[in-house]
Each structure stands twice: as C-alpha cells, then as structure tokens.
Amino acid sequence: MSGQTLLDFQDKDHAIVHATCVAVGGCGALIVGRSGVGKSGLALQMIAAGAILVADDRVELRMVDGQVLADAPESIRGLIEARGIGLVRAQPAGATEVTYVVDLDQTEQARLPDPVTIQLLRQTVPLLRAAAIPNLPAALLQLLKMGRVDPDWLGT
C-alpha cells in the first residue's frame, strides 16, 4: 500500500492494496500486514489445504452491489510468491467477496474475542487480529467454511 493503510480507502469505491487474498467456498479472507510478515506464506498453507488464491501482493478491491469484491490485477492473476523459490502458479478464484480482513500485524489478546470490524471501502467487514495465532491456516479455513459462533450463545 506504499505507506497507506486500509483506512485511507474507506470512502472509496475502488483501491489496489498491498495484501493477499484467498477464498474458501466463495468467502474471501483479505490478509494484510507489513512486508515480510508472512501473508503469502499463510496463503500458501491455506491453498495446500484447499483454499483458492484470489490475489497475492496486490489486491484490487471494488464495491459492487454493497459488497467489497477482491480480485487480482490481470498481470499477476494466478501467481503467488513462495519465498526462496520464486513465483509459482495457483488456480485463480476470480472476483470474491471479502468476508474477513486478517491483520498479521495486530495481536488478539482474548481467547474468545468479541467481534471487531474495519471499514473497507464503503463496507464494514469483520477484522481478525491474527498475529501469533496458533494453527492460523486451519482456523481460517474452518472459519471461512462454517463461520463463527458468538461465545455468549453457548451460555443459553
């Protein structure tokens, strides 16, 4: 994002951001964080377990019918960086709704956190503060497949 953050794009209908995005069952996880934090590595682990690549390194975001859609710029569609190996090909998902933003720079302190959101373009999207979460690739895959439960619901 060249020094910009997602907040710089909250009132826009279109942006290209420095991020990675994967999809599971039509649900997209936009993975953000500083350069070298492991966005592509997380995506590769998820792809190995069944996710599909939307975009790596640069993600095109646009508002369509009240949803934030992520896609790859044509020049990098179907390519992902494998650090120490180079660019490798992956099956591209195409335009996918962003259902979660995964921030690898922020740490979640709570074991069962209250939902947090972020403004992404003109839409509110759930935010996961995911730095140092154990089993993150598997947890994200399951979240994208089945969603999450409000912990207060368990007490009823």
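The structure examined here is a predicted model. Residues 15-90 carry the feature "domain: HPr kinase/phosphorylase C-terminal" in an unreviewed UniProt entry.

In soluble globular proteins, nonpolar side chains tend to be buried together. The largest nonpolar core of the model contains 23 residues. Leu 30, Val 59, Leu 61, Val 98, Val 101 and Leu 120 have the most contacts inside this core. At least two residues of the core are supplied by each of E1, strand E2 (27-32), strand E3 (52-64), strand E4 (67-71), strand E7 (96-103), strand E8 (116-120) and strand E9 (123-129). The largest share, five residues, comes from E1. When neighbours within four places in sequence are left aside, the contacts of Val 101 are Leu 6, Leu 30, Val 32, Ile 118, Leu 120, Val 125, Pro 126, Leu 127 and Leu 128. Another core, of 21 residues, lies apart from the largest one, and its members include Ala 43, Val 102, Leu 141 and Leu 143.

Gln 10 belongs to the segment that comes before strand E1 (14-24). The relative accessible area of Gln 10 is 28%; this residue is therefore partly exposed, since the class lies between the limits of 20% and 50%. Residues up to four places away in sequence not being counted, Gln 10 touches Gln 119, Leu 121 and Arg 122. Gln 10 and Leu 104 are separated by 94 residues in sequence and by 19 Å in space, from C-alpha to C-alpha.

Terms used: Residues numbered from 1 in each chain as written. Predicted model: local features only at pLDDT ≥ 70, side-chain atom pairs only at ≥ 80, totals over all residues. Heavy atoms only, no water. Helix = DSSP H or I, 4+ residues; strand = E, 2+ residues; numbered from the N terminus. Buried < 20%, exposed > 50% of the residue type's maximum accessible area, 1.4 Å probe, protein only. Contact = heavy atoms within 4.5 Å. UniProt positions renumbered as here; feature names shortened; annotations may be inferred. Core = buried A, V, L, I, M, F, W, Y, C linked by side-chain atoms within 4.5 Å.
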